[in-house]
Number of protein chains: 2
Amino acid sequence: MAKHKTKIPQIIIRRLPVYYKILKQLKSSSKDYVSSQDLAKLTGFSSSLIRKDLSYFGTFGRKSYGYDICCLFNQIGQIMGFDKQKNLIIIGAGHLGRALAYNRGYQERGYNLKAVFDKNSKLIGEKINNLKVRDINDLEKYLGNTPILVAALTIDNNAAQKITDRLIAAGIKAIWNFTNVSLKTPAEVLVEDQIINQGLCHLSCKLKQNDCLEFH
Amino acid sequence: MAKHKTKIPQIIIRRLPVYYKILKQLKSSSKDYVSSQDLAKLTGFSSSLIRKDLSYFGTFGRKSYGYDICCLFNQIGQIMGFDKQKNLIIIGAGHLGRALAYNRGYQERGYNLKAVFDKNSKLIGEKINNLKVRDINDLEKYLGNTPILVAALTIDNNAAQKITDRLIAAGIKAIWNFTNVSLKTPAEVLVEDQIINQGLCHLSCKLKQNDCLEFH
């Protein structure tokens, strides 16, 4: 399989989770191959875009067969680094932190959820999905002993930058940011802003374009 | 302000929530104007892309001043239909449904969370953020009496299509889908797949590209 040393453009990275989700579903069907036309129907992307995206990772298509589902699924997983183990912690044991703690998607993506932290003494010690909520005061000590790559941030906006600074000082390499704050971080620390309301924004925008909002 | 009758391309719609988030932060600062260069730093998009995107909605830029923050914020909100009221229900009162019920972003986007439904008799009747969890068996009756545009789906994958069919038969116009199922819906019903692990996928992919995964 072709190795790709060049950086994959951001815009393609954004589409990879969609391909991954669709291919995972196809894998559990009885089919072995999928055409770019079928992928277009399932993803909502155009088939020419799909062919362009997928050709970026090497050649998987076989004329008149289409793409090998299993092969493509594995390759996209590898490109996304799912074959490598990554330790993850969650900061904030509120409703969203709790939902993330029960999220079932970590293992297949190579993530190991190792700990949940909170500052609220009422929550500290409580078990969430078999993980005891730890005291945020013990963050540095914990990170000194356990190699963690990624921290999910589900805390109040006003505490976001301060906790981020502590996480970075303690060696965290990437932040999955659910707060509304544009975090300031050194260039080598990755931040992924997860706007939980993004889908609602898109729906609202499309409902408006379809004139569905005029009668409400 | 220029009215836009043409459909906004999907790819621009995807970026609107990011602009909205950044402009909201800027609005609470003391500045009145922002340059495309500063927006580029804050969004991670290139300044030429930003100028192109924003010119799509009319002309906001003033030479040597930049964009009027308040005006642009309001206009993007309008384009996303935030000025119109939209009723929303949540199907599934599990951890994610609960987190969504406590989400604070609805009001400013014109969404009114009206009800939460579940099939679990242990949860029915429980109050979540002042909303009593309703019995999913009462879904059709409820939707017959209350005009609801959007349903958030936070249920098991195996129930997703069946509930979707019921929602559509009862008049729902859009589905905010947190399940892993590619829902089959008529063309006039909008579906927005919210892949909760999307951010983790992007981070993993970028960590791999930065060679951060080799030592773990």
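This is a predicted model: local features need pLDDT of at least 70, side-chain atom pairs count only at pLDDT 80 or more; totals for chains, interfaces and linings use all residues.
Local features need pLDDT of at least 70 and side-chain atom pairs count only at pLDDT 80 or more, while totals for chains, interfaces and linings use all residues. Residues are numbered from 1 along each chain as its sequence is written, chains are lettered from A in the order in which they are written, and side-chain values use heavy atoms, with hydrogens and water left out.

The contact (heavy atoms within 4.5 Å) draws 70 residues from chain B and 70 residues from chain A. About 6500 Å² gets buried between the two chains, 62% of it on carbon and sulfur atoms; that is accessible area (1.4 Å probe) lost on putting the parts together, summed over both. On the chain B side, B:Lys21, B:Leu200 and B:Leu203 supply 10% of the area buried against chain A, more than any other three residues.

Several elements of chain B each supply at least two residues to the side touching chain A, among them helix 2 (16-27), helix 5 (69-79) and helix 9 (198-209); helices are DSSP runs (H or I, at least four residues), numbered from the N terminus. Helix 9 of chain B gives the most, with 12 residues.
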